[in-house]
Amino acid sequence: MLLHDGRPWLGANFWSRSGGPLMWRSYDPDLIARELAVLSQHGMNLTRSFFYWPDFHPAPDRIDEEMVDRYADFLDRHTEAGMATVPTFIVGHMSGENWDPAWRQGRDLYGDVWMVARQAWFVERMTARFHDHPAVAGWLISNEMPIYGEPAAREKVTPWAQLMVQAVRAGGGTQPVSIGDGAWGMEITGADNGFSVRELAALTDFVGPHVYRMENDVVRQHLTAAFICELSGFAGKPVVLEEFGVTDAFVSREHAAHYYRQILHNSLLAGATGWIGWNNSDYDNLYTQDPYRHHAFEMRFGLTDVTGAPKPALREVREFAGVLAHVDLPRCARPDAETALVVPSYLEHPYPFTQSGDHTYVFDVLRQAYVAAREADLPVRAAREQDGLPGDRLLYLVPSAKQLTAPAWRDLASFAENGAVVYVSYSPGNHAVQRGLWHADVNGMFGVEHQLRYGLVDPIADDEVAVTFVAEFGSIAEGSTLTFRAGGNSHARSYLPVRPTEAEVMAVDQHGNPVLLRRKHGTGHLVLCTFPLEGMAAALPHVNPEPTYRIYDALGAMAGVSRPVTVADPLVHTAELRHRDGRRFVWLVSQSAEELEVKPVVPEGRLTDLAAGEPVDEVTLRPYGVRVLALKDS
């Protein structure tokens, strides 16, 4: 997402420290100017601002003119600071509390015709007031409406959203618009809250994930926002990381800076084109004001402290802004990926007589597979079964798969026949309903005979699975052993017992059970993993890096996937952006808590310092550090 001057959106969700959500009642224009100046000095060009609904819309047919005048001044202050803002209309939820206009009286926000009309009237009137102000960069309909209005049926939510977007256009708004719902819908999370990312993207101009996840693995934590951005790209709309951030109550300031650095760079490499952190300021004098009275940790999410001084995370934003300017991000793009991470349609489609666990399990295993692919330096893109799998990839990863539709299994076999490498790891799922691999002919596809017993699983009894390679497998030498920790519940922690028929056994466990088998099919290969490696790791805390990345690395070598730069250490991930003028830029992102020295492998070309242009053979990365280099022809 770009401003009028061509800069990508980079900013903060904004509540002045004079009042938080009640800032419009105690509006202080001089303080606003100082707060914006600090953000601007640190590379930010944008805020997201909020029409606190009870204050701006005090009666069904009345807008508070004093609040409107104050917001007009707020816009002028942005212009003076060289910044823009994205106004948010329906702000009834904020930081741990819901607030209604007094006149709502419990009416359904989506289904009550009168109530929907009042919202549309408010959106249209506010848009008409401000649509021609140069500081307005876009519009958001709501703030996390699934929390405020609660989840509802898509048949209610999508028409409501359509009417709100139409109200923006009726008010004269031509700027980009989105919903502000957080992109928590089934297409991303596997949980249906009625806010379909697919349906809403068809109405809007960008997708805006909100990511605040509590995790138990630092690498997963640093890559989850990126993975969500990757999943959000299917709609063909720009992805703006609309909310992300941390509170000092939960993380040290040093680690908060690490978090911002990781989220900004990793999401960029996953396709995000805009970033709006939560939030601009800490609060000190609002401890008696809800929601801070009862959600005290919410007072310390700021990028500046209670005096307005920048915190370390804001300095990370400034460094990131410098990188965006140096590489000229608006003219850069990710190169096409030759590896597809297959997203089963069961993530988002509620097939008859499937269980909620079928959907959410897909998210968990895909995310872990994404982590392993990044550790293997494989450029990877999500490929959704729901939209039809692309047939032009060299490598297809189908991790810990319980369910694909019958046509998708056939498509994968045909891709292998035409030269691709197709990898599938087994999973029976994580619950007892129709437990097992939903595949009509796993034997024929992979050249095995499975030895399953009906209604039973074959449990993985060992806490560790030692996988020894009995033949060379891509980049893994014969005789190598990889050790995997076993995780998962009594359903998921199970393997697929098989006997090879046409397939060649590539690796076995410590009991002699085949773990990896490869079958030649046409000009490609089908690779079956009989253990749910990704599912096992996804269920474990503090597991990454784990050896699945070695298997992905070997698969990439088998498939001939091009990787412009690799690093042997799985704690350092590489990725590339390319400029329209032919320049190439490479990121090295460390997941190590310690300083690392690495020597990148560059099959073709050479790495040079981004600023000085000097050759770079070895790179020193600070803890959780990022280095951006230029990739030149030899």
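1. Helix 4 first: Met115, Val116, Arg118, Gln119, Ala120, Trp121, Phe122, Val123, Met126, Thr127 and Phe130 are buried there. Buried is taken as under 20% relative accessible area, with exposed over 50% and partly exposed in between (1.4 Å probe, protein chains only). Helices (H or I, at least four residues) and strands (E, at least two) are DSSP runs, numbered from the N terminus.

2. Some housekeeping. This is a predicted model, in which local features need pLDDT of at least 70 and side-chain atom pairs count only at pLDDT 80 or more, while totals for chains, interfaces and linings use all residues. Residues are numbered from 1 along each chain as its sequence is written, and side-chain values use heavy atoms, with hydrogens and water left out.

3. Back to helix 4 (residues 113–130). Its 18 residues should span 26 Å at 1.5 Å a residue, and the end C-alpha atoms are 26 Å apart, so the two agree; the expected span is 1.5 Å times one less than the number of residues.

4. Now the aromatics. Rings of Phe, Tyr and Trp (its six-membered ring) pair if their centres lie within 6.5 Å; planes under 30 degrees apart are stacked, over 60 edge-to-face, and the rest tilted. That rule gives 38 aromatic pairs. Take Tyr283 and Tyr292: the centres are 5.1 Å apart and the planes are at 40°, so this pair is tilted. Tyr283 is buried at 1% relative accessibility, and Tyr292 is buried at 2%.

5. How are the rings of Tyr423 and Tyr552 arranged? Their centres are 5.7 Å apart with the planes at 75°, so the pair is edge-to-face. It links distant parts of the chain, with Tyr423 in strand 16 (residues 421–426) and Tyr552 in helix 16 (residues 548–559), 129 residues apart. Both Tyr423 and Tyr552 are buried.

6. There are charges over rings too, meaning NZ of Lys or CZ of Arg within 6 Å of the ring centre and within 35 degrees of the ring normal. Arg384 has its charged end over the ring of Phe234, 4.2 Å from the centre. Arg104 lies over the face of Tyr148, 5.4 Å from the ring centre.

7. Last, strand 19 (residues 464–469). Val465, Val467 and Phe469 make up its covered face, whereas Glu464, Ala466 and Thr468 are on the uncovered one. Strand 19 pairs in the antiparallel sense with strand 20 (residues 481–485) over five bridges; pairing requires at least two DSSP bridges between two strands. In strand 20, Arg485 is the bridge partner of Glu464.
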